[in-house]
Amino acid sequence: MSRRIRKSEVRKLNNYWNKKINSIEPYVAGEQPAEGVKVIKLNTNENPYPPSPECKKALESYDLADLRLYPNTDAMSIKEAAAKAEGVAPENVFVGNGSDEVLALVWQTYWEKEYDQDKAVLVPEISYSFYPVYSDFYSVRCRKIPLKDDFSIDWQDYADVPNCGIAIANPNAPTSKVMPLEDIEKILKANPDSVVMIDEAYQAFAEDYVSAVSLIGKYKNLVVVKTMSKAYSLAGLRVGYAIADKDLIEGLIRARDSFNSYPVDRLAQLIASAALGDREYYEETRAKIISTRKRVAEELKALGFTMPDSGANFLFAKPPLPLKAETLYKNLKAKGILVRYFNKPVIGDYLRITVGTDGEMDEFIARVREEIDYVKNS
Ligand code: PMP
């Protein structure tokens, strides 16, 4: 008779590592080709356009001698620029080394380290795959809530379930679907004793969705996490931030100061605040990506792909049979185009395709068309 294998029984990979490191299944990031290798990279939702020209200007006038000094612990220049951009006060902003770090601190700050059924953090079954990893790493029980058949998240599934917290990406990844703000508000109302985290990594690309930041003054249990990796083209800089009531922010500061009190370096503070200040460039870049996304979605649909409406800088698309997602992923890779394929239940028939420049997407469509013609004729 089969029996569940307990974590403590997991075969040790290394005797010097503790039980957690021996048993954990780390997050697997999308493939990063070696420097200098030429590919069309549509696999990690990076922005195809360079950061704001203001970043370069700021860097050129920077005195490197300042690097001998530690940076401002709160990344004050980013805090102030982000507060202005988001329409909140600086005391409502917490800055971290990429939103991944901010998310890790959210897990450590608000959610209970107890293996008790009622103390689970609720996450959508299909969502950012780092959430279950943080849960495991910080020993927070995680309960996965299935999506509806159309990949939507039903707020009612988060209304009557005992929990110690809720983590939802909106737009969700990798599905690209947007949950209406009214539904987020219903989840907040139904869970006044838990912190609800809305990860808005892709919010800038969701046209009709007003950010949950608009609810911050109203709900003391809401934390919204944002990144500068996507809409600001700064994935290589590693800056993300959280927006919440000031008491929630104070908790994140306590956690940060128990781990690494200078997470955002001086150059990152300089460049990120310059990018946040250039609203015109931000609006221009996101509009270009939204317009390319719409065009590519139509072209893929004309080729027989199906996909949910995307509110992100990527499409989550299912190729027309008999073309399989995995085959298409492999064949595109062989032709120098990287997209993301998840060999997992529920989403294994889909590819996640980052929106690149118009030229990159033309090349992508041309290669996809070749694959479709090939399977049709064979
Ligand atoms: N949240 C979601 C939903 C993401 O897809 C990503 C990017 N992989 C992140 C957060 C992390 O972004 P970063 O650490 O680059 O800010």
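1. Three strands make up an open sheet in the order E9-E12-E11, and their pairing is antiparallel. Strand E9 (314-317) and strand E11 (340-341) are the edge strands, each pairing on one side only. The model is a predicted one.

2. Within this sheet, E9 pairs with strand E12 (residues 351-354) in the antiparallel sense, over 4 bridges. Phe 316 has Arg 352 of E12 opposite. Helix H9 (residues 279-302) lies across both E9 and E12. The helix runs at about 20° to E9.

3. Strand E7 (residues 222-227) is a separate matter. How many of the residues of strand E7 are buried? The count is 6 of the 6, so the strand is largely enclosed by the rest of the structure. The cut-off used here for a buried residue is under 20% relative accessible area.

4. The side chains of E7 point in two directions. Leu 222, Val 224 and Lys 226 point one way, and Val 223, Val 225 and Thr 227 point the other way. In a regular strand, side chains alternate between the two faces of the sheet. Both sets in E7 are buried, Lys 226 and Thr 227 included.

5. E7 has pairing partners of both senses. With strand E6 (residues 195-199) the pairing is parallel and runs over 4 bridges; here Met 197 has Val 223 of E7 as its bridge partner. With strand E8 (residues 240-244) the pairing is antiparallel, over 5 bridges. In that pair, Thr 227 stands opposite Gly 240 of E8.

6. On the surface, a nonpolar patch is formed by Leu 13, Tyr 16, Trp 17, Ile 21 and Phe 137. Together these residues have about 600 Å² of accessible area. Phe 137 belongs to helix H5 (residues 130-137). Is Phe 137 buried, partly exposed or exposed? Its relative accessible area is 39%, so Phe 137 counts as partly exposed; that class lies between under 20% for buried and over 50% for exposed.

7. Pro 146 deserves a separate entry. This proline sits in the loop between strand E4 (142-145) and strand E5 (165-169). Leaving aside residues up to four places away in sequence, Pro 146 touches Glu 125 and Asp 157. Pro 146 and Val 346 are 200 residues apart in sequence, while their C-alpha atoms are 9.9 Å apart in space.

How values were computed: Residues are numbered from 1 along each chain as its sequence is written. This is a predicted model: local features need pLDDT of at least 70, side-chain atom pairs count only at pLDDT 80 or more; totals for chains, interfaces and linings use all residues. Side-chain values use heavy atoms; hydrogens and water are left out. Two strands pair if DSSP finds at least two bridges between them. Contact means heavy atoms within 4.5 Å. Axes are lines fitted to C-alpha atoms, for helices over the stretch in contact, and angles run from 0 to 180 degrees between N-to-C directions. Patches are made of residues with over 30% relative accessible area and no salt bridge: like charges are joined within 9 Å, nonpolar side chains (Val, Leu, Ile, Met, Phe, Trp, Tyr) within 5 Å. Accessible areas come from the Shrake-Rupley method with a 1.4 Å probe; for residues, only the protein chains shown count as cover. A salt bridge is a side-chain nitrogen of Lys or Arg within 4 Å of a carboxyl oxygen of Asp or Glu. Buried means under 20% relative accessible area, exposed over 50%, partly exposed in between (1.4 Å probe, protein chains only).
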